[in-house]
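Subject: Structure handover

Dear colleague,

Please find the structure below, followed by notes on what was found in it.

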2 protein chains.
Amino acid sequence: MIEKESLITVIEAEEIIFSHLYKSSIETIRLEDSLGRHTASDWLADDDIPSYDRVMMDGIAIRFRKEQFGWKIIAIQRAGEEAGNLSSDEDAIEIMTGSVLPKGADTVVPYEHIVIDGSNANFQGPDLKLGQNVHIRGRDKKQGDLLLKNGRQIRFTEMGLAASLGLTKILVHSKPRIAILSTGDELVLPEQKPMPHQIRMSNVYMLSGLLQQLDMAFNFQHVSDDGEALEKAIEKLLNENDVLLLSGGVSKGKFDLVPATLMALGVEKHLHRIAQKPGKPFWFGTKDDKTVFGFPGNPVSTLVCALRYFRPWVYKSFKENTTEQWAISDYAFTRHKNLTQFIQVKCTQTSEDRFSVYPVDGGGSGDFTQLSGSDGFVEIPSGVGVIADGERLAFFGFF
Amino acid sequence: MIEKESLITVIEAEEIIFSHLYKSSIETIRLEDSLGRHTASDWLADDDIPSYDRVMMDGIAIRFRKEQFGWKIIAIQRAGEEAGNLSSDEDAIEIMTGSVLPKGADTVVPYEHIVIDGSNANFQGPDLKLGQNVHIRGRDKKQGDLLLKNGRQIRFTEMGLAASLGLTKILVHSKPRIAILSTGDELVLPEQKPMPHQIRMSNVYMLSGLLQQLDMAFNFQHVSDDGEALEKAIEKLLNENDVLLLSGGVSKGKFDLVPATLMALGVEKHLHRIAQKPGKPFWFGTKDDKTVFGFPGNPVSTLVCALRYFRPWVYKSFKENTTEQWAISDYAFTRHKNLTQFIQVKCTQTSEDRFSVYPVDGGGSGDFTQLSGSDGFVEIPSGVGVIADGERLAFFGFF
């Protein structure tokens, strides 16, 4: 059966996939669980910041006057204690960093600038300035000021910010519910010793690692290459999830039942087969708000498609401004006339802190065996001639 | 009390801290939990790879001969089925990608190169090559070959590799047990509304986010500024953990009890107070195999010390070859004569894909409020003059 098919290009595939992003809903989570999530509301100051005149050095609080030689220490006020009262500019109250400024005081002299003798503090320091070492209420922000915009990703610094604002329940954009479904009768579980005609399933463990790295929960299931079982499994998973990652069953083999099964279930095919190597058999479709990625069974093909299409789809769905990664070629890569190639490479960092990459022989087997010496893939667009040493290449890392 | 103290430099501090790395032990974990961990054994091939002569295309398996026009298809062999038998070079067996090569066959002709008419397959393709589209047993690796060295970090690609090798229980280097202990009587829980002399605790939420990002489990506790309570808490946490992150209580205030308490508990002080801004009061010590990081109570000071000392200490403890990050200054930073400064900056990516940074006004408050517009700190070494626009600076990111 010679088939004249015109494959779509990597760029066309990318456009199609990125035009079907995940539409999140909004959910409330605990502050403790918020790292990496995306805010679904503006964060406003619930009070002035600071919320009181705050002492910024350990030392004594005084009332400023022009000529100053010493003070009588009348009290100690700890951080966390209510503001004391200073009624004379000859008196001082010992205070700690973080304390509220005593009433009647306006200036803080640090221990480094005084000598304490009994209850007397003698001034030794450089000239005093009115208001020194006091962080005035509301200086940074006023109550109601915008502190973080809707849609921003929560880093550890924003976790600290949320705590300081009293945000212990946080509105965030929901993450998709994801299922991995693996097919292929030649596959056995990793704990099993394969027969001579079998291999262990490994694809799904790579995909599960990738999902963990993206901080996405998922469930996983394997079905045999049986049309009815496959249809039942996909139907159930589509009902219960937003995203389906299928591994295997999308090539041209007699028992590659995935495309027909998806079609029978009403999943609209947006693309199947891309002019690329490896990863040509990749399938992508949607049904209402559900998205289906059909990865080839071959591990390296799956990895290429996951890093080239699925991971950026996740990033773009959450509007992260992760720019593409680029690497500088340290090698002359020969283009393929019709296919975009993804070549596994190792990175080195040059003196100018540029990523420089050179190819690693993968043996062509498509197994994970050959990947552990590599750091990622570079994309070699189809065409004539070579990509010369020193050119910029799109890079897709294993990290 | 004028105190003439000579502070140690950032470089000296770094040397001291990095000479007391965490010494891991070895533990066994499940493959599913292995992302990001570091192997504690070599990974060897448990069989030849591939473990059988593997078919690499969907099509027919034949026995090669010089002149070839067509074959009679005598059987279909699915992936996952035992090898069929081919006894004549005029016969063929239909096979799928991933199948074991039928006995007696040596070559695979893809569907693209034949036309099937009933049970006859007529050759249409380019010249055949003996052995084409067959991946011979053991071509990639032989049984016992080294696939991954002890000490390597497990990425999602290595999770796939482990599965393919049948490694479902994995020996890894243990992670430290970590406790966060927060002090400071002015602090209330985030869910509480602070009184005018109180603030919400935020430091520990930032630290907990950082630990989550480092994939480190931890427990957290707050104690009041009471000597006995503090000593009890630290003693218990030191017994139960490998690393203690203390927040607050290390400056010069009257109630900064942490250094004396640690000393009383036999924790050896390696450094206290560094010539830097912010983060000067930082404390570091060890007791046997236990490590104590004493962060200042001020949030931004804690953040600087956590990113400058603690996070690299974690990386170095696990021998990760994470090189330092650098940024190109887009601004002339004025040096401080005696102190290394850490300035909060925003990054932009230039056309050459270089990190370029410019300062963001932090208002000097030391609160997280001012950090959400920033991407990290740059380190401005002490000295005279300015660091000119275009110079390279060490960068510590909030990600």
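Between the two chains, 88 residues of chain A are in contact with 88 residues of chain B, where contact puts the C-beta atoms, placed from the backbone, within 7 Å. This is a predicted model, in which local features need pLDDT of at least 70 and side-chain atom pairs count only at pLDDT 80 or more, while totals for chains, interfaces and linings use all residues. Residues are numbered from 1 along each chain as its sequence is written, and chains are lettered from A and ligands numbered from 1 in the order in which they are written.

On the side of chain A that touches chain B, two or more residues come from each of strand S8 (114–117), strand S11 (146–148), helix H2 (156–165), helix H3 (203–213) and helix H6 (299–317) of chain A. Helices (H or I, at least four residues) and strands (E, at least two) are DSSP runs, numbered from the N terminus. H2(A) gives the most to this side, with 9 residues. By type, the residues of this side are 37 nonpolar, 30 polar and 21 charged; Ala, Val, Leu, Ile, Met, Phe, Trp, Tyr, Cys and Pro count as nonpolar, Asp, Glu, Lys and Arg as charged, and the others, Gly among them, as polar.

Chain B has an open sheet of 6 strands in the order S16-S13-S17-S21-S20-S18, with mixed pairing; strands pair if DSSP finds at least two bridges between them. Strand S16 (218–223) and S18 of chain B are at the edges with a single partner strand each, so one side of each has no neighbour in the sheet. S16(B) pairs with strand S13 (residues 178–183) of chain B in the parallel sense over 6 bridges, and Phe220(B) in S16(B) is the bridge partner of Ile180(B).

Leu265(B) lies in the loop between helix H5 (258–264) and strand S18 (268–272) of chain B. Leu265(B) counts as partly exposed because it has 15 C-beta neighbours inside 10 Å; buried takes 20 or more other C-beta atoms within 10 Å, exposed 12 or fewer, and partly exposed falls in between. Not counting residues up to four places away in sequence, Leu265(B) touches Glu231(B), Ile234(B), Glu235(B) and Leu238(B).

Regards
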